[in-house]
Amino acid sequence: QVQLVESGGGSVQAGGSLILSCESSRNTFSRGCVGWFRQAPGKEHEAVAQIYTAADGAWFPFYADSVKGRFTISPDKSENKTFLQMNGLNSEDTAMYYCTAAPGRPCSSSSEVFNFWGQGTQVNVSS
């Protein structure tokens, strides 16, 4: 079992920045995917940013087109944490953000691949 705890959400004006943090109860970086999904009211889960860690420890980030150039995902493997730096926020970024993990699995835009989810942290962007 993996427990994921998010923090860092809140309210910000358009153009502002937030940093989300996800702490895992155990190492999720040995091989597999960790990342962030979001869900806006009335919409399905959307993959935002993910990190795939290969067997040799190399890691590769992936981003949704809607956040490329604005969001940056990064790991802190020593602390079993994942961070999501969000810059240039706009109203379309308003959503509940979930930290997710899929140990031993490749990254995917499908939420069904991810078998561990945090409780979520709300991000509100006002225009």
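Trp117 is partly exposed, with a relative accessible area of 28% (buried means under 20%, exposed over 50%, partly exposed in between, with a 1.4 Å probe and protein chains only). Welcome to this predicted model, in which local features need pLDDT of at least 70, side-chain atom pairs count only at pLDDT 80 or more, and totals for chains, interfaces and linings use all residues. Residues are numbered from 1 along each chain as its sequence is written, and side-chain values use heavy atoms, leaving out hydrogens and water.

**Aromatic rings**

- The whole structure holds three aromatic pairs (ring centres of Phe, Tyr or Trp, the last by its six-membered ring, within 6.5 Å; planes under 30 degrees apart are stacked, over 60 edge-to-face, the rest tilted).
- Phe37 and Phe114 make an edge-to-face pair, 5.1 Å centre to centre with 70° between the planes.
- Phe37 sits in strand S4 (residues 32-39) and Phe114 in the loop between strand S9 (95-103) and strand S10 (116-117), so this pair ties together parts 77 residues apart in sequence (strands are DSSP runs of E, at least two residues, numbered from the N terminus).
- The rings of Phe37 and Trp117 have centres 5.3 Å apart and planes at 45°, so they are tilted.
- That pair links strand S4 with strand S10, 80 residues apart.
- Phe37 is buried, with a relative accessible area of 0%, and Phe114 is buried too.
- Phe37, Tyr98, Phe114 and Trp117 form one aromatic cluster.

How values were computed. Helix = DSSP H or I, 4+ residues; strand = E, 2+ residues; numbered from the N terminus.
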